[in-house]
Amino acid sequence: MQIDSIKFRNLVEQHQSMVFSIALRVTGEFGVAEEVAQDAFLELHRSSERLESEDHVRFWLRRVTVHRATDALRSRARRPEAAAEEWMDEQHSEVAGAGLDFGIVARLDELLRTLPEAMRIAVVLRYQEEMLPDEIASMLGQPVATVKSNLQRGLQLLRRKAVTTMKEYVRAEI
Amino acid sequence: MRKFDEVKDEFEQELGRRMRRVDPPEGFMERLLERAEAEIPARSTRSTVLTMPRRTVFRAWVGGAIAATLVAGLFVGQHIRARQQERKAEVARQQFETAMQVTDHALDHTRASLQRAGLTLSESFGIEIKTLEPQEKGEAQ
């Protein structure tokens with residue numbers, strides 16, 4: 001699929017929130033997420049000839065974004081918990097316009113960032129992108145059982161942490 | 001193991017609602033298009049000769065330099081060790097020769113003193129030193 005600049009612009013507009021959100025939730029940093037998202041789109045621009053359809057573009061963008069985000073995480077060697085405060089502040093300002101209870105959203109994202117990398121990626125793809133486990137497995141090149149295990153363990157951890165954190169949050173709000 | 005492709009429970013539904021996509025920051029598109037435009041002329045004028053990225057070249061150069069230094073260090077180390085062993089062997093040889101000279105000299109001196117006293121080494125130390133007669137020497141040969 002050959003893309004000109006107008007087509008490229010349309011593709012970016014169509015997929016930018018997906019790409020940026022995956023990058024943001026995997027890396028946990030706005031600046032890094034933007035860099036990752038831009039790199040993914042630039043790579044799309046370079047590789048457009050190999051892409052066959054809109055579905056293929058979406059699949060490809062998700063996979064490249066996850067890989068770039070993982071690389072960025074590893075190269076920075078930052079633990080997920082490291083920038084939790086920064087994440088919360090940034091997240092507050094970004095979702096403010098969305099009319100959500102951003103206190104809860106920020107805490108949920110903060111909890112998400114405490115998950116190990118593999119579990120976090122599986123949870124983001126499952127609950128943000130609403131992908132099925134076999135789709136995630138195919139995209140990441142992992143066995144379906146591994147993806148399901150990561151999802152199950154990730155959810156267990158999130159539940160456990162959410163119970164404690166949300167109680168604290170409600171107490172603080174009262 | 002629970003099947004995740006089945007119905008989501010309440011927590012999962014809430015998770016899905018909370019994990020909405022987020023729009024990128026303002027100016028994202030402009031910054032991206034600037035980068036893309038900067039890349040297009042660079043690609044069109046790029047030489048067809050395959051070249052390694054600068055960073056890779058630098059890494060390869062540093063790796064080569066480290067490897068060369070290690071090899072050189074190994075050679076120098078081996079050379080120094082060989083020289084030290086040669087020097088030790090030379091010192092040991094000289095010490096052995098000196099010791100032999102001292103022993104010969106002492107033996108000569110002792111023998112001369114004993115002869116002056118009318119004794120031989122065998123009588124003095126109870127050692128039977130057999131001296132071969134010329135006839136016996138012939139038979140032995």
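**Figure 1. Residues 44-51 of chain B, a stretch with pLDDT under 50.** In this predicted model, residues 44-51 of chain B make zero contacts beyond four places in sequence. Where pLDDT is low, the coordinates should not be read in detail.

**Figure 2. Confidence along chain B, from helix H5 to helix H3.** Chain B has a mean pLDDT of 77. Of its residues, 68% reach 70 or more. Helix H5 (residues 134-140) of chain B has the lowest confidence in the chain, with a mean of 56. The highest is in helix H3 (residues 54-116) of chain B, at 87. The scores for the model are ipTM 0.72 and pTM 0.57.

**Figure 3. The kink in helix H1 of chain A, centred on A:His15.** Helix H1 covers residues 5-27 of chain A. A straight helix of 23 residues would span 33 Å at 1.5 Å a residue. H1(A) spans only 29 Å between its end C-alpha atoms. The kink in H1(A) is about 55 degrees. Just after H1(A) comes A:Gly28, with a positive phi of about 80 degrees.

**Figure 4. The crossing of helices H3 and H7 of chain A.** H3(A) holds residues 54-76, and H7(A) holds residues 133-140. Their axes come within 10 Å and cross at roughly 65 degrees. H3(A) is therefore roughly perpendicular to H7(A). The crossing is right-handed.

**Figure 5. Residues that meet where H3(A) and H7(A) are in contact.** H3(A) contributes A:Phe59, A:Arg62, A:Arg63 and A:Val66. These residues meet A:Ser138, A:Met139 and A:Leu140 of H7(A). In an α-helix, with 3.6 residues a turn, residues three or four places apart point the same way.

Note on methods
Residues are numbered from 1 along each chain as its sequence is written. Chains are lettered from A and ligands numbered from 1 in the order in which they are written. This is a predicted model: local features need pLDDT of at least 70, side-chain atom pairs count only at pLDDT 80 or more; totals for chains, interfaces and linings use all residues. Side-chain values use heavy atoms; hydrogens and water are left out. pLDDT is the predictor's confidence in each residue, from 0 to 100. Helices (H or I, at least four residues) and strands (E, at least two) are DSSP runs, numbered from the N terminus. Contact means heavy atoms within 4.5 Å. The expected span of a helix is 1.5 Å times one less than its number of residues. The bend at a residue is the angle between axes fitted to the seven residues ending there and the seven starting there. Axes are lines fitted to C-alpha atoms, for helices over the stretch in contact, and angles run from 0 to 180 degrees between N-to-C directions. Angles under 35 degrees count as roughly parallel, over 145 as roughly antiparallel, 65 to 115 as roughly perpendicular and the rest as oblique. A crossing is left-handed if the near helix is turned anticlockwise from the far one by less than a right angle, and right-handed if clockwise.
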